[in-house]
Amino acid sequence: MSEERDAYQRELRSAAKRLGLPVLGNIEATLLRHATEAIAALSSKCNLGDLSELLQHAATSLDLEIVEIHEDRDLRSLLDRIPPTKEPALARVQMELDDKTDAIVLQRQNPEPWDRRYLAVINCRTWHAYRRYFSKWHELVHLLLEGRQLRLAFRKTDVERKHPEEILVDKIAGELAFYPPIFVPTLLEEIDEARRLTFAAIERVRKRIAPEASWHATLLAAVRHSPQPIYAIRARLGLKKAEERQTTDLLSSVTEPPVSKLRVRDASANAAAEALGIRVHLNMEVPTASIAAKAFEAAWGTVQSGREDLGLWRTSGGPIGQGPVTVEAVRRGDDLWCLLHFTPATGKAIRRQGTPARARTVKRSPSKPLWGDDAD
Ligand SMILES: [Zn+2]
């Protein structure tokens with residue numbers, strides 16, 4: 001783990017050096033500020049209505065052409081327009097834009113005077129389409145961090161982001177894709193007087209300013225910028241780790257097989273919720289008495305909402321908190337999506353002395369993909 005962290009720190013330092021930025025303090029924050037300021041500078045000159053316009057405008061300013069590939073026909077027409085005989089890298093695009101690849105960005109070697117210098121080819125086939133908005137921002141951020149000269153004339157973005165540079169680019173793209181000066185005022189306009197974020201508000205925001213973004217990515221951004229303490233949870237039917245082992249253990253066939261329960265798969269909090277000290281743990285059970293569990297039984301897409309006590313939500317160490325919580329939940333396919341709104345009266349549970357060590361060492365959620373994996 002620390003090896004990965006070291007590699008990431010090295011990446012931060014080399015990106016900062018390349019851009020002539022100070023290699024001191026929180027370099028990730030410095031790089032994010034640099035990228036945000038670059039977008040601010042080029043968006044200040046015109047009145048941009050939504051985030052797709054911002055993206056288009058930023059691409060033009062960076063001399064980047066973006067091409068979406070939805071089907072073979074799109075790739076053929078790209079190759080007709082820019083034949084590999086003229087631009088050899090296009091032959092590689094044809095070979096390498098496979099199901100493991102989200103996008104490719106390349107520097108044109110023989111552009112016509114009217115051509116843009118860089119070309120981003122975005123994989124929009126099947127499920128990749130859900131990520132296309134994010135993939136475009138990702139490729140644009142590569143250019144922002146390269147200082148306008150690609151070190152590699154051909155750069156492929158794999159679905160699995162392992163390289164520290166890809167992780168850094170994703171972090172910055174996650175912020176810029178929901179550029180706060182456009183996203184936050186719209187979000188606040190769409191939130192009701194109670195300042196509570198709802199699924200309906202998230203969808204209104206998406207339709208108004210980020211129609212290309214996925215539902216999931218917009219939800220994550222809305223939670224991050226919500227003015228009130230909030231948690232977003234995705235839950236699915238599943239077993240505890242120990243139960244999974246039990247089902248694969250032949251000897252266990254004499255005992256009752258474990259029953260799948262609704263368990264937390266992803267959990268994202270905003271800073272205000274984290275400050276309350278309340279933590280929703282991965283794999284914890286969604287309480288059967290919760291409004292969230294009712295939404296899972298309800299018809300697809302039917303939103304259930306109401307108030308309950310956070311004391312219902314428990315791990316083996318006891319409740320994760322106490323006090324009122326407003327719950328909004330909806331089932332989409334096999335997933336249950338849930339928003340937990342805390343109030344200043346919601347607090348951390350006061351645990352008895354001798355809380356089991358297991359409860360204290362529950363792993364933090366790993367960092368989540370920001371592009372979302374679901375659209376509508
Ligand atoms: Zn990349």
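**Exercise 1.** In strand 12, which residue is the bridge partner of Ala 329?

*Solution.* First, the ground rules. We're working on a predicted model, where local features need pLDDT of at least 70, side-chain atom pairs count only at pLDDT 80 or more, and totals for chains, interfaces and linings use all residues. Residues are numbered from 1 along each chain as its sequence is written.

Next, find the strands (DSSP runs of E, at least two residues, numbered from the N terminus; helices are runs of H or I, at least four residues). Strand 11 covers residues 324-332 and strand 12 covers residues 335-342; they run antiparallel, joined by eight bridges. Strands pair if DSSP finds at least two bridges between them. The partner of Ala 329 is Cys 338.

**Exercise 2.** Describe how helix 1 packs against helix 7.

*Solution.* Start with geometry: the axes of helix 1 (residues 2-18) and helix 7 (residues 164-176) are 9 Å apart, at an angle of about 70 degrees. That makes the two helices roughly perpendicular (65 to 115 degrees). Now the contacts (C-beta atoms, placed from the backbone, within 7 Å): Ala 7, Tyr 8, Glu 11, Leu 12 and Ala 15 of helix 1 meet Pro 164, Glu 165, Ile 167 and Leu 168 of helix 7.

Key. Axes fitted to C-alpha atoms, helices over the stretch in contact; angles between N-to-C directions. Parallel < 35°, antiparallel > 145°, perpendicular 65-115°, else oblique. Contact = placed C-beta atoms within 7 Å.
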